[in-house]
Amino acid sequence: MGRAAGPRLLIAAQQIVARDGAAASLEEIARVAGVGSATLRRHFPSRWTLIQAIFREEEESRKRWARGERSILGQDLFHPNGASVAR
């Protein structure tokens with residue numbers, strides 16, 4: 001995944017999927033991330049791969065949080081509103 005687009009896509013996807021569910025608009029996710037639909041599709045060829053990536057990042061975010069580390073995306077995705085929890 002491209003370094004610039006990857007984190008933006010995951011953050012946008014997590015927020016929109018949390019709001020709209022798994023049927024969230026892929027076009028809206030791309031727009032919110034500031035990339036085109038083709039870029040989203042290159043990184044995530046299917047909706048399923050995008051949903052899997054969201055869950056993997058949330059799991060990794062929980063592990064980092066438990067170790068007292070900050071998320072690599074700059075926010076803890078699993079926490080409401082993406083807020084980082086001070087420990």
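1. Axes here are lines fitted to C-alpha atoms, for helices over the stretch in contact, and angles run from 0 to 180 degrees between N-to-C directions. On that basis, α1 and helix α4 (residues 47-66) pack at about 100 degrees, their axes 10 Å apart. That makes α1 roughly perpendicular to α4; the classes are roughly parallel under 35 degrees, roughly antiparallel over 145, roughly perpendicular from 65 to 115, and oblique for the rest.

2. A word on the basis of these points. This is a predicted model: local features need pLDDT of at least 70, side-chain atom pairs count only at pLDDT 80 or more, and totals for chains, interfaces and linings use all residues. Residues are numbered from 1 along each chain as its sequence is written, and side-chain values use heavy atoms, with hydrogens and water left out.

3. The overall make-up comes next. The protein has four helices and zero strands. From the N terminus on, its elements run α-α-α-α. Helices (H or I, at least four residues) and strands (E, at least two) are DSSP runs, numbered from the N terminus.

4. Burial and surface. Of the 87 residues, 39% count as buried. Buried means under 20% relative accessible area, exposed over 50%, and partly exposed in between (1.4 Å probe, protein chains only). The accessible surface comes to about 5,200 Å², and 54% of it belongs to carbon and sulfur atoms. Areas come from the Shrake-Rupley method with a 1.4 Å probe; for residues, only the protein chains shown count as cover.

5. Contacts along the chain. Contact means heavy atoms within 4.5 Å. Among contacts between residues at least 6 apart in sequence, 38% join residues at least 24 apart.

6. Back to the α1/α4 pair. On the α1 side, the residues in contact are Leu 10, Ala 13, Gln 14 and Val 17. They meet Leu 50, Ile 51, Ala 53, Ile 54, Glu 57 and Glu 58 in α4.

7. Now α1 against α2. Helix α1 (residues 5-20) packs on helix α2 (residues 26-33) at an angle of about 135 degrees, with axes 8 Å apart. That makes α1 oblique to α2. From α1, Arg 8, Leu 9, Ala 12, Ala 13, Ile 16, Val 17, Arg 19 and Asp 20 take part. Their partners in α2 are Glu 28, Ile 29, Ala 30, Val 32 and Ala 33.

8. Ala 5 sits in helix α1. At 10% relative accessibility, Ala 5 counts as buried. Leaving aside residues up to four places away in sequence, Ala 5 touches Val 35, Thr 39 and His 43. Ala 5 and Gly 34 are 29 residues apart in sequence, yet their C-alpha atoms are 8.2 Å apart.

9. The annotated stretch. UniProt, in an unreviewed entry, lists residues 25-44 as "DNA-binding region". UniProt positions follow the numbering used here, feature names are shortened, and annotations may be inferred rather than shown by experiment. Over residues 25-44 the chain is 75% helix and 0% strand. The end C-alpha atoms of this stretch are 13 Å apart.

10. Glu 27 touches Ser 37 and Arg 41, not counting residues up to four places away in sequence. Glu 27 and Ser 37 are ten residues apart in sequence and 5.8 Å apart, C-alpha to C-alpha. Arg 31, also in helix α2, is exposed, with a relative accessible area of 57%.
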